[in-house]
Amino acid sequence: MKNLLTVLLFSIAMLGANAQCTLTNLLTENLVDPIGIDQTKPRFNWQLQNSGRNIKQVAYEMEVRKGSVNGPKVWQSGKVMSDSSVHVAYKGAALQSGTRYWWKVRVWDNGSKVSAWSSTAFFQTALLQQADWKANWVEAGYKEDSILRPCPLFRKSFSLKKKVQSAVAYITAHGMYEAQLNGRRVGNAYLTPGWTAYHKRLQYQTYDVTGLVQKGENAVGVTVGNGWYRGPIGFSNSRDVYGKTLALLMQIVVTYSDGNTETITTDSTWKSTAGPIRNVEIYNGEMYDARLEKTGWANAGFDDKDWSGVKVVGATKEILLATHNEPVTKHEVFQPVKVFTTPAGEQVIDFGQNLVGWVTIKVNGQAGDTITLRHAEILDKKGNMYFANLRQAKQTNHYILKGGGTENFEPHFSWQGFRYVQVKGLREPLLPENFQAVALYSNMQPTGTFSTSNTLLNQLQHNIQWGQRGNFLDVPTDCPQRDERLGWTGDAQAFSRTASFNMNVDNFFAKWLQDLEADQVNGAVPYVIPNVIDSNAVNSAGWADVATIIPWNMYLAYADRALLANQYNSMKAYVESIRKVARDNLWNNGSHFGDWLFYRPEDDNDGRSAVTDKHMIAQCFYAHSTQLLINAAKVLGKKADEEMYAQLLEQIKAAFQREYLTPSGRLVSSTQTAYVLALQFDMLPDALRTQAAKRLNDNVKAYGNHITTGFLGTPYICHVLTRYGYDTTAYKLLLQEKYPSWLYPVKMGATTIWERWDGQKPDSSFQTPGMNSFNHYAYGAIGDWMYRQMVGLDTYEDEPGYKHIRIQPHLSDSIKQASASLKTYYGEVSAGWKLQGQQFSLDVTVPPNTHASVFIPALNANAITESGNSLNAVADLKVKGMVNGYTEVEIGSGTYHFAAPAVKTN
Ligand code: BGC
């Protein structure tokens, strides 16, 4: 009976292997059915679904139609012999503005089977020419209260004469906007139009508003807030960084069912008035006076005769561009886990997670009652709300009731970084069900999972992910709570590879990197992007290198060659900006943050602080950026650059060795970071690398298996240890529970990554309040090692984007199981290993149209089985040989279960 079942299952599996592929996950410009793209040659992705082994695409055919699923064909690719299923560029007739295109694809696989046509996906173009903008910029027509600067409301009634077939709205603002049509919110995006280098690049959003308008009377209403445009931003809380006055630009294109169109635009016929948001700033929060609401103001029939007109202004439309990345939207919703009174007598709600977003409330009371919500990340030693680390940021929302029933409040145009909220002003007892915390972040697809047998490590992964959620709000911010929240370049580069595991950050970074290029100063890269600090605040080593590091990381993770090509000039200009100031090929000038926030104990009696020479660090990053530029030149076929920069790189390394290395291999700074950077970036002659790695290992031991690196050494330390055979030490660092270490904050109850190794000390006192964020992702960069080395899930550079996958786990006896999965553009890849007694096992799933090199820790290939069969008996795979204690096996798509006797690790 059992045998029969096995035969049956086997036959089903074989059937599966031979079945034709189905096609899913159709993306245009890496997005699902995007509305409002301005690329004239958009790129398409699709996934082959097939559980069989070794399935590959050998050809594809694409069809794109205009206007409707059965509209005229604008591109029929014919059968293209190619295995490309990712970033396939459109090659049809020129695309038109404001038009929806429908596409489908079919593929031939290596078993000569042709798939059925996929279901149909679409994309809709934005306004491709500047002349397509018929709207004019408008500003409020009344005199503004220049102290509070309440948010203006803009409105207009309009009538549509015929039955509506479709309607599209294009909106942007100087400031942040929220729009309504006939009293209903337009779209689900927040903090729009997002943050860019506003002087040079301003995004607009495109919305399908077909369902929000109708034949007859209609009305549009838009609220505009200060946002990044003119609200306090940067260290000195400067106002009006981009301009003094808020403005709106909006255009609604209605297509009637007879095919005629009508366009409603911002113009001199609009009305404006100050609304109920009396004041709102990103850092400080909002003051909302419900008594000032204009009931029905965004509906037709509203009487706006008391409202002011608007001022039509000639602000530029030349810098407008369609949104490139995913909008900020609402995500997780948290209920209170605890409501309590602090020793200071304040009523506080604990939401159980340090998150970024806001608290929504439901209240009853009398007109004029004020509910105050003040947010904090952490409680102090005594159990009171801790606000000092917020610096000047008030993070406080005030809601003034209108009275007369239940009222709901949801904030606007700002966000708070918090776990706890203090509630004041309630007339009635606090009911937890009336309070919710809503997480807001860019709507990137979650792609990665990681879990192990160690619960502290799982919490660390949780904290890394929440660090990302909290700080990927349209731009990668350093922190979400204090009066900073800036696109710090060093933090972003350090975390970028880890970020690409947890979520799809391809478009997120593609957009931000364009702002980077826009804000470069003669090639030099500002500390923060968009740059709101100072145009001289540029080129700090390890920060500015974001210009080369992130494009390369995105190329690796997503095979996004277009992103790399777009950034190439920026990358080159950055390297040239260093070359210009280098003396004898040494980058030994300028001001640098160095290995920011490295370990520096307060009781430093024996001089144990881990200070690394800043110019030595700069030289390492000069080399690294030059290397990445060479890599990019190679990918993009820029032969002359490749050769020129290869020569420069040799000179940079020679200069490094002359200046910072003794003949016997000591570096001028004997710190972990010094050896980590020198080894990671191949700065040392071959003959001196092994001893340098030993020095690093010895240093870690001398610190009792503690990490002492700051922002720059941390991302690489475990990679370097692994590369030079010190896995055991890498694991000791990872599993270290005492300060300084990754798990120390976890043991202290952290739910996000902290800015400092010791943000909260063992006695529950805090580090200096001027620099002590509890939601700062940089140290979360260890996530990259956890995915790529611990589980061992990586991509090869020769076929990036996980077309050629590398699976090579690094084990430790202290961990019994580790697994990870990643949604790549090809489909989901996963790997998971287990140690059970004397037995090691490794489960691997590889998506169709990719292949993988799997390294199984076993000295003898004959001892390895796959799904119970000895490797030689499995026709679907190839044993390549032995490498450093691993057996290398080449596999194609499918699911594999490998087992082998466990090898002793530590
Ligand atoms: C930020 C950092 C940043 C640093 C530069 C801080 O204020 O929060 O994360 O990289 O300044 O040194």
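**Entry 1: Glu178**

I looked up the contacts of Glu178 (heavy atoms within 4.5 Å): leaving aside residues up to four places away in sequence, Glu178 touches Arg185, Tyr190, Gly221, Val222, Thr223, His412 and Phe413. I note that the model is predicted: local features need pLDDT of at least 70, side-chain atom pairs count only at pLDDT 80 or more, and totals for chains, interfaces and linings use all residues. Residues are numbered from 1 along each chain as its sequence is written, and side-chain values use heavy atoms, with hydrogens and water left out.

I placed Glu178 in strand β13, residues 176-181. Strands (E, at least two residues) and helices (H or I, at least four) are DSSP runs numbered from the N terminus. Glu178 counts as buried because its relative accessibility is 16%; buried means under 20% relative accessible area, exposed over 50%, and partly exposed in between, with a 1.4 Å probe and protein chains only. For one of its contacts, Thr223, I read a C-alpha separation of 5.4 Å from Glu178, at 45 residues apart along the chain.

**Entry 2: helix α5**

I checked the length of α5, residues 506-519: at 1.5 Å a residue its 14 residues should span 20 Å, and its end C-alpha atoms are 20 Å apart, so the two agree. The expected span is 1.5 Å times one less than the number of residues. I found α5 mostly covered, with twelve of its 14 residues buried. Among them are Phe508, Phe509, Trp512 and Leu513, and also the charged residues Asp506, Lys511, Asp515 and Asp519.

**Entry 3: backbone exceptions**

Most residues other than glycine have a negative phi, and most peptide bonds are trans. I recorded a cis bond between Thr192 and Pro193, with omega about 10°; Pro193 lies in the loop between β14 (184-185) and β15 (202-208). The bond from Ile529 to Pro530 is also cis, with omega near -10°, and Pro530 is in the loop between α5 and α6 (546-558).

I then turned to positive phi values. Asp474 has phi near 70° and sits in the loop between β33 (472-473) and β34 (475-476); at 4% relative accessibility, Asp474 counts as buried. Ser867 has phi near 45° and lies in the loop between β41 (865-866) and β42 (869-870); at 41%, Ser867 counts as partly exposed.

**Entry 4: whole chain**

I noted 15 helices and 45 strands in the chain. Buried residues make up 61% of its 906 residues.
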